[in-house]
Structures are given as structure tokens and as C-alpha cells.
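Subject: Structure handover

Hi,

Here is the structure I promised to pass on to you. Have a look at it first, and then read on for my notes.

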Amino acid sequence: MLIGTAFVLLWFLTVFTLSITGWFERFSSATLFGFGSVVSATGFAFLHWLSEKFRGFLRARSLRRVTLAQTFRFYGILALIKTHQHVLPALFAVPTGLIDLFFAITSFFVAARLISPNGRPKRGFFAWHVAGLGGLGVSAVMAVLTASNRFGLIKDGITSQPMTWFPMSLVPVFVGPFVLIFHLLALTAAHPHYLEARKKRLVGQ
């Protein structure tokens with residue numbers, strides 16, 4: 001757990017520094033969203049496949065804690081604010097902001113009601129996390145479609161390119177990948193194989 005916390009802190013400090021100095025502005029918003037999504041999902045898959053230590057890390061995860069990590073999606077309020085300020089296109093920012101707020105708010109309900117006292121998922125747990133991944137996909141796709149006028153969806157010249165500016169650039173390179181990974185953590189840790197392995201580990205202690 002200490003290594004994981006240190007990694008997340010280093011990741012955040014690195015992208016925060018690059019973001020506040022404007023380094024991400026040299027890229028298109030489509031590139032940042034695509035890179036963040038692909039690298040985080042691919043990295044998770046490779047670690048799960050190659051590392052027994054990582055699989056052991058998954059067995060030890062609390063479903064409540066990994067679910068409550070979705071409160072980071074309150075950051076989606078920023079998208080709604082920037083839409084109101086005519087900085088981001090409504091076609092991208094309004095769905096993104098509303099989806100993020102929905103999952104941030106409902107994460108409290110899921111953690112409290114859709115996980116049993118012994119830490120097992122109840123009906124609806126998997127569907128909520130899968131829907132959360134779908135919501136992230138919608139945001140990423142809309143960011144790409146509104147990155148330029150290539151698809152004819154731009155109105156008044158407002159594109160999603162400001163997502164490369166600080167503090168919005170933290171979304172495609174940290175907040176988005178972070179909550180994506182925690183959806184994957186929750187779905188994997190809730191798999192019967194991991195639940196049984198965790199039960200045996202706790203009994204053996």
C-alpha cells in the first residue's frame with residue numbers, strides 16, 4: 001500500500017508540474033485523452049498479467065475504498081464552470097460534468113448499500129462500475145470529436161483544446177486515468193476468485 005501511495009503521489013506531482021508550466025499545451029486535447037486512457041488501461045492489464053505481487057495487491061483491496069475513490073469525479077464541476085464561461089464546448093463539457101457528478105455522488109450509495117458487511121459485492125455493484133467506465137469513454141470520445149472542426153461539431157470556434165491548459169489538463173493525464181484504474185480495481189477485486197483468495201488470507205491470519 002505504501003508503494004502504491006508513493007506512486008500516485010509521484011504521478012500527481014509530475015503531471016501537476018508539467019500542467020502548471022504549460023507543457024501539455026503543445027499537444028492536442030485528443031492526444032492527451034487518448035494517451036491517458038490507453039496507457040492507464042493497458043498498464044493495468046499488463047501488471048495484472050505479469051505480476052503476482054500486483055494480483056496480491058488486488059486481493060487486499062477494500063471494495064468500499066476503491067469505490068469511494070470515484071469521489072475524485074467531483075472535479076467534473078470544473079467542466080460545467082468552463083462551459084458557462086464559454087471556454088469549453090457544451091457538447092463535450094456538459095455530458096462530462098454531469099456524468100462525473102453522478103458517479104461522484106452515487107459512489108457513497110454504492111459503497112454503503114451495494115457492498116455487504118463482509119465486503120462482498122451485491123447486485124448492481126458490477127453494473128455501476130461498468131457504467132462508470134462507459135461514462136469515461138463518452139467523455140474521451142466527445143473530447144476527441146470536439147478537439148477540432150474536423151467532424152463539424154464545433155460551434156462558435158470553441159473546442160476542447162483548453163483541456164490542455166492548467167488546471168483542466170489534470171483531467172486527461174491524472175483524474176481520468178486515476179478513476180479509470182479504480183473502476184478496474186473494483187471490478188477485478190470483486191471477482192469471485194479474488195474474493196475467495198482474500199477470505200482464505202484473512203482466515204489464515
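This is a predicted model: local features need pLDDT of at least 70, side-chain atom pairs count only at pLDDT 80 or more; totals for chains, interfaces and linings use all residues.

**The overall picture**

If you look at contacts between residues at least 6 apart in sequence, 78% join residues at least 24 apart. The chain exposes about 11200 Å², with carbon and sulfur atoms supplying 71% of that.

L170 lies in helix α8 and has contacts, beyond its neighbours within four places in sequence, with V15, F16, S19, Y75 and V175. Along the chain, L170 and S19 are 151 residues apart, but their C-alpha atoms are separated by 6.8 Å. Is L170 buried or exposed? L170 counts as buried, because its relative accessibility is 7%, and the cut-off for buried is under 20%.

**Two serines inside**

S40 lies in helix α2 and counts as buried at 7% relative accessibility. What does its side chain reach? The side chain of S40 reaches the backbone oxygen of S37, at 3.1 Å. Not counting residues up to four places away in sequence, S40 touches P177, L180 and I181.

S107 is found in helix α6 and is buried too, with a relative accessible area of 0%. Residues up to four places away in sequence aside, S107 touches T67, L68, Q70, T71 and W128. R64 is 43 residues away along the chain, and the C-alpha atoms of S107 and R64 are separated by 9.0 Å.

**A salt bridge**

How many salt bridges does the count come to? The count is one. The side chains of R73 and D100 meet in it, with 3.0 Å from N to O. This pair links distant parts of the chain: R73 sits in the loop between α4 and α5 (77-84), while D100 is in helix α6, and the two are 27 residues apart. As background, side chains of opposite charge can pair when their charged atoms come close. Why do both partners count as buried? R73 does so because its relative accessibility is 1%, and D100 because its relative accessible area is 10%; buried means under 20%.

**Out on the surface**

Now turn to the outside. L68, F74, I77, I81, I105 and F108 form a nonpolar patch on the surface, with about 500 Å² of accessible area together. The elements that give two or more residues to this patch are α5 and α6. I105, for one, is found in helix α6.

Finally, have a look at K122, in the loop between α6 and α7. K122 is partly exposed, with a relative accessible area of 40%. Which residues does K122 touch, not counting those up to four places away in sequence? They are R113, L114, I115 and S116. K122 and A190 are 68 residues apart along the chain, and their C-alpha atoms are separated by 9.9 Å.

That's the tour. Enjoy exploring!

Cheers

How values were computed: Residues are numbered from 1 along each chain as its sequence is written. Side-chain values use heavy atoms; hydrogens and water are left out. Helices (H or I, at least four residues) and strands (E, at least two) are DSSP runs, numbered from the N terminus. Buried means under 20% relative accessible area, exposed over 50%, partly exposed in between (1.4 Å probe, protein chains only). Contact means heavy atoms within 4.5 Å. A salt bridge is a side-chain nitrogen of Lys or Arg within 4 Å of a carboxyl oxygen of Asp or Glu. A polar contact is a pair of N or O atoms within 3.5 Å; within protein, one must be able to donate a hydrogen and the other to accept it, and residues adjacent in sequence count only if both atoms are side-chain atoms. Patches are made of residues with over 30% relative accessible area and no salt bridge: like charges are joined within 9 Å, nonpolar side chains (Val, Leu, Ile, Met, Phe, Trp, Tyr) within 5 Å. Accessible areas come from the Shrake-Rupley method with a 1.4 Å probe; for residues, only the protein chains shown count as cover.
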